[in-house]
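Please open the model in your viewer and keep the selection tool at hand. The stops below take you from one selection to the next.

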Amino acid sequence: MNHFTQFENKSLAEQLIEEALKYKSDPRQHISKGLGKRVGCIFLNPSLRTRASTQIAALNLGMDPIVMNMDKEGWALEMQEGAVMNKGTVEHIKDAAAVLGTYFDVLAIRAFPSLSNKQEDSEDFVFNQFIKYSGVPVISLESAIRHPLQSLADMITIQENIIAGHKPKVVLTWAPHIKAIPHAVANSFAEWAIGCGHDLTITHPEGYDLDPKFTKGSKIEYNQQKALTDADFVYVKNWSAFDDYGKIHCTDTSWMLTEKHFKNAKNAKVMHCLPVRRNVELSDEILNGSRSLVQKQAENRIYAAQAVLSKIIE
Ligand SMILES: NCCC[C@H](NC(=O)CCC(=O)O)C(=O)O
Ligand SMILES: NC(=O)OP(=O)(O)O
């Protein structure tokens with residue numbers, strides 16, 4: 001595995017899930033595997049889970065993680081080729097990434113979308129500049145269009161909670177939010193759930209269709225109540241419009257999941273990547289109750305990252 005940026009194939013996903021579960025049962029079993037290797041965790045945006053879980057994963061393998069919050073502590077980066085840098089940007093990505101590539105054996109990058117330049121975001125332009133110029137393996141800590149470590153943790157969590165012999169119905173539902181939010185978590189969840197062979201239904205208001213490249217193989221159902229019928233796992237997430245790029249079209253609070261949404265899905269479990277806007281996306285009663293898998297997902301972020309790091313340094 002050269003880089004870890006997206007779902008590749010079912011067999012690799014299954015291998016990573018199995019490895020992650022082994023690490024969960026004995027986190028320090030390969031404590032010497034990464035000795036002498038450094039991973040640079042480069043954040044262009046805020047984080048709680050990804051920042052902590054990736055460092056813990058590296059430490060569990062004996063690696064040295066170093067975190068740089070480039071948005072706050074680094075020089076302002078220029079991304080455009082041939083730019084005359086006489087304004088706010090101080091350092092070109094090709095210089096910065098090349099330096100980081102000499103300092104680290106592996107780079108892990110978080111680079112959210114602009115939500116204003118659809119083409120650049122869709123090409124994952126900023127993230128790919130790091131791959132292009134660093135020359136070392138790169139792990140995505142959430143790019144403009146994908147969040148694969150989150151999705152791997154989500155697949156692990158589903159596997160741990162599946163009822164043996166029953167093919168689960170998995171539903172990804174849009175939820176309200178106060179801000180324009182990226183598509184990465186929803187795209188990746190769809191990509192991994194479909195790739196892993198789950199029966200996926202996606203529900204959202206009209207005008208919120210995700211990029212079809214991520215949702216091919218799922219059912220799209222604009223009626224949330226219909227979509228939720230007989231669900232086993234309900235993944236809750238807001239995203240901004242994709243067609244009318246980055247815009248908010250719907251503020252209908254009835255899309256917020258509450259206990260009353262589960263009258264036709266009595267045993268459904270609820271998932272969210274966190275951070276969650278309580279009582280905007282999801283009600284307190286759900287998040288505090290026995291349906292919620294959100295803490296388990298967050299815990300599994302450690303073992304997802306550990307399985308990926310372990311494979312990358314092999
Ligand atoms: N890494 C997990 C989610 C990150 C991001 N959420 C946010 O930006 C939430 C911001 C807020 O609630 O103000 C997203 O959904 O892609
Ligand atoms: N789920 C997730 O990626 O959380 P952070 O943004 O806090 O890292």
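Begin by selecting ligand 1 together with the residues around it, which are Glu142, Lys179, Ile181, Pro182, Ala184, Val185, Cys273, Pro275 and Arg277; a residue belongs here if its C-beta atom, placed from the backbone, lies within 6 Å of the molecule. This shell divides into 6 nonpolar residues, no polar ones and 3 charged ones, where Ala, Val, Leu, Ile, Met, Phe, Trp, Tyr, Cys and Pro count as nonpolar, Asp, Glu, Lys and Arg as charged, and the others, Gly among them, as polar.

Before going on, note that this is a predicted model, in which local features need pLDDT of at least 70 and side-chain atom pairs count only at pLDDT 80 or more, while totals for chains, interfaces and linings use all residues. Residues are numbered from 1 along each chain as its sequence is written, and chains are lettered from A and ligands numbered from 1 in the order in which they are written.

Next, select Glu142, which lies in the loop between β6 (138-140) and α7 (148-161); helices (H or I, at least four residues) and strands (E, at least two) are DSSP runs, numbered from the N terminus. Is Glu142 buried or exposed? Glu142 is buried, because 26 other C-beta atoms lie within 10 Å, and the cut-offs are 20 or more for buried, 12 or fewer for exposed, and in between for partly exposed, with C-beta atoms placed from the backbone. Leaving aside residues up to four places away in sequence, Glu142 touches Thr50, Arg110, Phe112, His147 and Ala184, contact being C-beta atoms, placed from the backbone, within 7 Å. Glu142 also has a positive phi of about 110° although it is not a glycine.

Now move to His177, found in the loop between β7 (169-174) and α8 (184-195). His177 is buried, since 20 other C-beta atoms are within 10 Å, and among its contacts beyond four places in sequence are Asn238 and Arg277.

Finally, select Pro275, in the loop between β11 (269-271) and α11 (284-287), where a cis peptide bond with omega of about 0° joins Leu274 and Pro275. Asn279, also placed in the loop between β11 and α11, has a positive phi of about 65° without being a glycine. Most residues other than glycine have a negative phi, and most peptide bonds are trans.

How values were computed
Contact = placed C-beta atoms within 7 Å.
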